[in-house]
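User: I'm new to reading protein structures. Could you walk me through one, a feature at a time?

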Amino acid sequence: MKKTYNIEVDCANCASKMEQAANKVDGIKSASINFMLLKMYVEFEENADEKKTMKSVLKACKKIERDCDIEF
């Protein structure tokens, strides 16, 4: 399953680091962030729980930028 989320991130460097962190989360097949559009594109692994996985992604992203937010 593929989904697109709105994301709040302050700089392109942080977006790159957050993308790398998101790709390490269990349940994520692939994740990419378009900083200019403030969008996160996520493809989930089969049988992944979307909300649980995205909470883990948000937690990983907040370690990089405390005030980031992902609308899910």
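User: Leaving aside its neighbours within four places in sequence, which residues is glutamate 65 in contact with?

Analyst: Keep in mind that this is a predicted model. Contact here means heavy atoms within 4.5 Å. Glutamate 65 is in contact with Glu8, Val9, Asp10, Cys11 and Cys14, once neighbours within four places in sequence are set aside. Glutamate 65 itself is in the loop between helix 2 (50-62) and strand 4 (69-71).

User: Is glutamate 65 buried or exposed, and what is the nearest side chain of opposite charge?

Analyst: Glutamate 65 is buried, and it has no salt bridge. The nearest side chain of opposite charge belongs to lysine 62, 8.7 Å away.

User: Okay, how many salt bridges does the structure hold?

Analyst: There are 2. In one of them, the side chains of lysine 3 and glutamate 50 meet at 3.6 Å, N to O. Lysine 3 sits in strand 1 and glutamate 50 in helix 2, so this pair ties together parts that are 47 residues apart in sequence. Glutamate 43 and lysine 29 also form a salt bridge, at 3.7 Å. Here glutamate 43 belongs to strand 3 and lysine 29 to strand 2, so the parts tied together are 14 residues apart in sequence. Lysine 29 counts as exposed at 56% relative accessibility, while glutamate 43 is partly exposed at 22%.

User: Now the strands. How do I read their pairing, and which way do strand 1 and strand 3 run?

Analyst: A handy general idea: in a regular strand the side chains alternate between the two faces of the sheet. As for pairing, look for bridges. Strand 1 (residues 2-8) and strand 3 (residues 39-44) run antiparallel, joined by 5 bridges. For instance, threonine 4 has tyrosine 41 as its bridge partner in strand 3. Strand 1 also pairs with strand 4 in the antiparallel sense, over 3 bridges, and glutamate 8 stands opposite aspartate 69 there.

User: Last one: which residues touch the most other members of the largest nonpolar core?

Analyst: A core is a set of buried nonpolar residues joined through side-chain atoms. The largest one has 22 residues, and Met18, Met40, Val42, Met54, Val57 and Ile70 touch the most other members. Strand 1, helix 1 (12-22), strand 2 (28-34), strand 3 and helix 2 each give two or more residues to this core.

Definitions and conventions: Residues numbered from 1 in each chain as written. Predicted model: local features only at pLDDT ≥ 70, side-chain atom pairs only at ≥ 80, totals over all residues. Heavy atoms only, no water. Helix = DSSP H or I, 4+ residues; strand = E, 2+ residues; numbered from the N terminus. Buried < 20%, exposed > 50% of the residue type's maximum accessible area, 1.4 Å probe, protein only. Lys, Arg positive; Asp, Glu negative; His and termini not counted. Salt bridge = Lys/Arg side-chain N within 4 Å of Asp/Glu carboxyl O. Pairing = 2+ DSSP bridges. Core = buried A, V, L, I, M, F, W, Y, C linked by side-chain atoms within 4.5 Å.
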